[in-house]
Each structure stands twice: as structure tokens, then as C-alpha cells.
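Subject: Structure for you to look through

Hello,

Here is the structure I said I would pass on. Please open it next to this message, and read the notes below with the model in view.

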Amino acid sequence: MSDLQDIVKDFLVESYENLDQLDRDLVRLEQDSASAEELGSIFRTIHTIKGTCGFLGFDKLQSVAHAGENLLSKLRDRELTLRPDITTGLFSLVDAIRQILANIENLGAEGEADYCDLIRTLIALQVEPSNSARDDEPRIGSHPASGTGIQADPPAVQVEPDQAGPSSDGRHSSISDGTIRVDVGLLDKLMNRVGELVLARNQILQFTGGSSDTELHSAAQRLNLITTELQEGVMKTRMQPIGNLWSKFPRIVRDLAIHCGKEVRIEMEGKETELDKTIVESIKDPLTHIVRNAIDHGIESAAERLAAGKTVESCLRLRAFHEGGQVNIEISDDGRGLDLARIRQKAIDRGLITLDQAMRISDREVAQLTFTAGFSTAAQVTNLSGRGVGMDVVKNNVEKIGGTVDVHSQPGQGTTIKLKIPLTLAIIPALIVTCRGDRFAIPQVNLLELVRLAGDQVHRGIESLHGALVYRLRGQLLPIVYLCRELGLDDTTSAGEDAAINIVVLKADDGQFGLVVDSINDTEEIVVKPLSPQLKGIPVYAGATIMGDGKVALILDVLGTAQRAHVVGEVRDRMLTEHRGDAPKPVDNRQKLLIAKLGNRRLAMPLSTVSRLEEIPAAAIEQAGGQDVVQYRGAILPLLRLASLLGVSTDTDPSGELQVIVYSEHGRSVGLVVDRIMDIVESSIDTLRSGQGNDVFGSAIVQGRVTDLLDLPSLIRRADAALFDNSTSAKGVLA
Amino acid sequence: MTSAPQFCTFFLDDLYFGVEVQRVQEVIRYQEMTRVPLASQMIAGLINLRGQIVTAIDLRKRLGISDRRGPNQPMNVIVCEGESVVSLLVDEISEVIAVDASAFENPPETLRGPARSLIQGAYKLDRQLLLVLNTAEAVHVPSD
């Protein structure tokens, strides 16, 4: 009995594969009805299904396939020429077969549906229509899978043959002859064994390194070479060309285009680009969604396209290529592009961003908003897309496998969605770091940059912000986390006080942080192995791996580490308050503020007025026209000492480094010297006490402390009227 | 209970333990381990067992008995428990013995502490007691 079940299973697997091929052939056939190659292939497929299901006793399937076979044999023998209604009939046939197969797979039987209408249609199609035949067009739709909206009009899809390489015609039979199906589990086991072999090889190489026996050396070298080739070979068995996945798209595009009344041509480039099987599976749904979106929203209606001076037929391009150890997939349409203004408006309406933010963020950032949950700009919801679940799911799915999504849009020119995906999940590039003698692997996808502090910087680079450690990375405060402290490892610095500090800058969620490690070793391709259940509860680790010397190293989970150190928690909270539509305070009141310390006063200024933060050594100060200046980016930057301007006494060492806030207006800059730059906070400002002279808007409570809000334009004009006196109108705007 | 159960036996201090032979995959000498910061005290580290990463559990800590003294390195008793393979660190490996099933007795009520759930019972051998380790329980490490 189980033998029979095995046969049925094989039959299903084989038939599904053949049907996918059939879809491709049919779409191609629409373009070039004379191609005997495709007709032959289609005929063979249907014939095989008919033959096998007759043997297995699936009568319904057999009768449907039989009707199709008769029609196809007439076409093949040129007794009949291909007409649009015949193509549509054949598509219905494929759908029906697919449905019956699904029933057999799930229910073990063919199901209750009645296919008499379809069979009758297929028989009717075998007759060359007379003059009146176009009136009584075949009625399709008696079976559920074909839907009701399919018309027998000429379909609107063309498939361009793959531009890379020769046409695949005639290759299929030879390929299928030379392949066998292998259980993926078996391949995984094989891969593990090869991993062990690699380790054994490494040990042998270590032993032979100390030996002077030349024969042993050459044998070890051969072992080395063969092992490497074997490893690559086994890796390859898990790889699949992305074309396998794409082959479903011509059919999807055809159906969607007809449904939407649009004409879409699909072009594919880089079909042969290979990906790990598990990854191919996991990008299937995201890609399908992007393609649907492009046709439904991206591409305009025919009338709109004509009005915009475009051809009626639009083009959807799929492109895949390898780059930097990743696979890039681009899906572009030549449609209307993203309506950035509407996205902005919608984001404000939904409370995703404030009006102020909407003004400031770039077009690129606006485009990224489409990946936010619950966001859809489709004016009306269609049954294809526009329900607001979609692009965020795409983003989540892609990020889950360590990939990224990006969207580029040119108004009127089209939209391109770019996916970057790792080649494989089992083997990832990672940065190996050492902390207190232990090695840890950090997945490269999380890595932004490496910063090394040496010399003076060791003691002064990392600053304490009320206990929280930060480093100024190009003027932005980067939270700092010591890996050894987070892991509870021995915290005494073994290498001495003056050893250089290595900061690994990582991204976690939407935030960044710097991870301080003892040393940075190298990047390596590592094989990810899961941790045992006893260790699953520790969020800091993503798994473990075996290093080249056979020892085990733990793989850090960057997000888990960040959460443990409370680095991303704050970012999240901040995002949440930003995203909450029903925030109690009016949105206009919230602003990003730069907080600086001057003597015993805390000063705040809107971050939007600050162009950069700098540290300038006192020795760099020169004099010009009786004023302190420094050379800054090839220009002269006047320095204003806020302490003397505001009459505050400070206790900073005048010969040390100066903390300078660079303020720019109309292309001119001035440096404001403060004691310390404390923080950047997002806060709602409710001025509690106003007045206090010209230079201060008033005082407010920020982070629980009284802070003066500076009126920078007024302050600077008072201090140095010559600097910004060129336009009174500018004054009016800024005042 | 006609067939005589077989046990792989080992020592922790003077305590004589046994694990059913079917549960033991292999016994290997001390392996270099990678410690796992933040993990439970009972986790000794990770070892590379021919390409497979195996978690080693310090059976002394698991049982709540004093730390290992002396120069001798612990041995690994690799046990298969369900899907996972775990190493139990023990002091010294003894032989595989067959015991008389009728010599088994449940632990006394006075057995307390972590050992209560870990020791299934004892076989009364001529010279001493063979304590039967409940491996399923032993590989389950409670979180600190």
C-alpha cells in the first residue's frame, strides 16, 4: 500500500513541475504560435499525466487530460491553428489539473468538482470556427480555479526570452534526463560531514606543517585541495537558480495584467543567479507581492500612459545579480512612480510622522515610509492589493533572512524595489572579535564600521553622559556598550590602561551602538549551528560555530545584545512616542534639542539650527581682526565664546580641547564654544519662564532639569553684527 | 524483568553513578571547552564533537555537590536525550556492568535537594550502591 502512496507522491511532484513548465510554454506559445517545440512539450506533459493517472485510477483527471490531449494533438499536427480562445482554454485546463492534483494531495481523492463544461469546451475548440463561431465563444468558468473574469481577448503579456544565454528551447528534455531528486535532509547531513572533514583537514595540515617529509606535504596539499573542492561542491547542491522561482511570474503577470486591463511585458535578467534553496523559498512570497503591487499600483492604465506620452505596453523588469557576497534582486516598472506628496500627507494623517518631520525628511526617506505597517497609498482597495498589509510584511520577511529592501522612485518614470539577500543562511560572513580571551562572531549584516581609538583618544574618546557611555561619531552621540561587562566577564583591563580601544559600530533595529571589544581578528565565513535547548533562553547569542582550529565560538545576536544593554529600548520608546497619533501634546511642540553645558547652566538649541559638532584643540586658535578664529574645512570659522557672551563663568581648562557647535546661516558659519555637549533629546518644549533678555527664548524643563532655550540668530547678531548683516530680510525670517 | 539491565558507570567523589547503556552515545576524555558567559553555572561550556556542537553540563554543580578538586580533568559522558546530545562532566569513568534487576530500590524519602529528582533509585551491589541517574532530568538545566 505504501508503495502505491509513494507512486502517487512521485506522480504529484513530477506533475507539479511539469505544470510549471507548461505555464511557461503556454505564455510563450501565445507569442509565437508556430513553435512546434513548445506544442510538443505541452502535448507530452498532458499525455504523461493522462497516462499515469489512468494507471493510478484517477478517472476524472484522466478525462480532463484526455480532452486536452486531443485538442493539443490537433494543434501539433497543424490541423488547427492556435487562437486566443484556445490558449485561454488550455490555461483553464492547466488550472483544472492543478486543482485536481491539489485535491489528491490533500484529500487523497479527486474532489467533487465537475469538469464536464471544461471538457465540452475543449472538445468544441477542436473544431475550426466557422464565420459565426466568434459569437458563441467558449464559455469558461465552470470550474472554480479559472475565476470568472477571464476573457478570451488576446492576452496582453509577452515574454521575452532570457537575454542571457541561448534560448532554452529543447534543453529541458536533456536536463531532466541528467538530474535526480535528492532529499534536502540528506544534503544537510552531507554538508555536516564535509564540515567535519574540513576540521580534520585543518588538523592534518597543522601536523604536517612541522614535518619535513615532502611526500607527506604533497599528500596533505592534495587533501587540502580536494576538501575545499568537495566543500564547494556540496554547497552548490543546495543552490538553485532564481529562474526556478521567476518561472511562475509570466503566468501571474499575464493574469494580473488581464485582470487590471493593462498590457505588461515581463523581462528577466540573471535567471541563472543562484541562491540557497531555503532562501529561494523564503523570498517567494515577498517577490510575488512586489510584482503584484507593481502591476496593480505602479503601472498606469492605458489611457494614462498614452496621456503621459508612453507606450501602452508597460515593462516589468526582474533583474538578479551577485554583488559583494550577496544576491541583489531588482524589480522595476516604468509606471507612474511613487506619489511622494501623497505618501507624506498619508504619513501625517496616520500620525506616523509629524508635520515638522515631513518637511525635513528627504524624498528617499519618504519612499521608505511605504514599508511601514498599515501603509497603503492606493486610493481604493482592490482585491489584489491596497489593504495596507503588504510592503511591511515584505520588509519583515526579507529582514528575517538577513536581507534588506530599498525603494527608488522617479516620478513619471517608474519604481524600482531593490532586495539584497544573503546567498545562504547556513554559512554567513562574520567578524571575529576577542573579548577576555574568548572569541565571538558578529554577523556581518549588522556591521556598520570599525573605530579604533589610540593614543590620547583612549582616555578621552569615550565620554560619560550621566553614567551612560557615548562616543562622538562624526558629531553624533553613539551609545557605547562594553562586551565584557555585558557578558559579565572579568572587567580588569588585561592589556593595560593605554591599550587602544576597538569599537565595533553595529546597527540593531533602527538604532546604532558601539560595542567595545578587546581585539578585532578578521572576517570569516562561518557555519551557523543552533544552540542546545539549555542555552536557547540567552538572547545575547544567535548560535555557535566551529572555528578553523576546531574550537567553538559563540555567535552574538546583535539585537539581543543591544536589548540587554538597553541601547535599542530607548530608541524604540522614542519611536513609539513619535508614532503615537494621539500624543497628548500638540505635535508642533516636539523638537529635537541639542543640550550643552556652560558653567552651571544647561543650554538648549533646536538641533535643526546646528550644522555640526566639533572638537577643536586650543592650539589651533588663531587671531583675525581681533577675534578668535580657526581654520575649518578650508575656510575661516569665527569662534564665539558663549560663556563671555552670556556672562557665565566657566571652569574649563582654556588650553584643552574646545567643544564647538557650528551654526550656519546663508552659507556663513560661526563656532559657538561651550563647556560640554551633553545630549540630543527629543522633547516637547513648554516654555515656563520667558523673557530674560534678548538671547534666550525662555526656560523649560528638559530631562527633568531647568534648561535655557537659546535664541541663536539673535545671540549671534548681537555678538557679531558684521557676520550676518548682509540681509535684513534673513533676519526677519529667522527672528 | 528477566534481562539484566546494563549501566555505564562513573564516579563523582565517592558516589557511584550509573546511566543506562542505551542512553550513552560515547565516553570521551576531556575536551577543550568554550565557556558561555551569562549561562547557568551548571553549563560548563561547549565542545566540538566531530563537527557537532555539544553542551557540557557540570554534573557536580547540577547535583549541588562541592567543586572538583585535584589535578584530574573531568571526563565527558555523551548522552542522547530525545533530539539533543549533551555531555555530562564526571570525575572518573568506571566499567559497564550488568546488574540484577531485583536489587533495585527507590530512593529513601530522606533524599532531599536537587538530587531528589535526579536519582531514580539505587541498585544494592555487594560492595556499594549504584545510583541511577535520571538523564532526562539531568540535561534539563533550570534557569538561574
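In chain B, what share of the contacts with a separation of 6 or more comes from residues 24 or more positions apart? The share is 56%. Please keep in mind throughout that this is a predicted model.

Chain B

Chain B has 144 residues, and 35% of them count as buried. Its secondary structure consists of three helices and 11 strands.

Chain A

For chain A, the total is 735 residues, of which 32% are buried. This chain contains 23 helices and 31 strands. Among the contacts in chain A with a separation of 6 or more, 66% are between residues 24 or more positions apart.

Where the chains touch

A pair of helices in chain A

Next, look at helix α2 (residues 36-56) and helix α3 (residues 59-76) of chain A, whose axes are 9 Å apart and which pack at an angle of about 155°.

From α2(A) they include A:Leu39, A:Ile42, A:Phe43 and A:Ile46, and from α3(A) they include A:Leu61, A:Ala65 and A:Leu72. Glycines take part too, among them A:Gly40 in α2(A) and A:Gly68 in α3(A). By class, the contact of α2(A) with α3(A) is made up of 10 nonpolar, seven polar and three charged residues.

Strands in chain A

One hairpin to find is that of β13(A) and β14(A), with two residues between the strands. There, A:Arg474 has a positive phi near 50°. Strand β13 (residues 468-473) and strand β14 (residues 476-482) of chain A are antiparallel and paired over four bridges. As an example of this pairing, A:Tyr471 has A:Leu478 in β14(A) as its bridge partner.

Strand β14(A) is also joined to strand β16 (residues 511-517) of chain A, by three bridges, and here the two run parallel. In that pairing, A:Val481 is opposite A:Leu515 in β16(A).

Further along chain A there is an open sheet of six strands with mixed pairing, in the order β22-β26-β27-β25-β24-β23. Which strands are at its edges? They are β22 (610-617) and β23 (622-624) of chain A, each of which pairs on one side only. From one strand to the next, the twist averages 40°. Strand β24 (residues 627-632) and strand β25 (residues 635-641) of chain A pair in the antiparallel sense, over four bridges. There, A:Val629 has A:Pro638 in β25(A) as its bridge partner.

Regards

How values were computed. Residues numbered from 1 in each chain as written. Chains lettered and ligands numbered in written order. Predicted model: local features only at pLDDT ≥ 70, side-chain atom pairs only at ≥ 80, totals over all residues. Buried ≥ 20, exposed ≤ 12 C-beta atoms within 10 Å, placed from the backbone. Contact = placed C-beta atoms within 7 Å. Axes fitted to C-alpha atoms, helices over the stretch in contact; angles between N-to-C directions. Nonpolar A, V, L, I, M, F, W, Y, C, P; charged D, E, K, R; others polar. Pairing = 2+ DSSP bridges.
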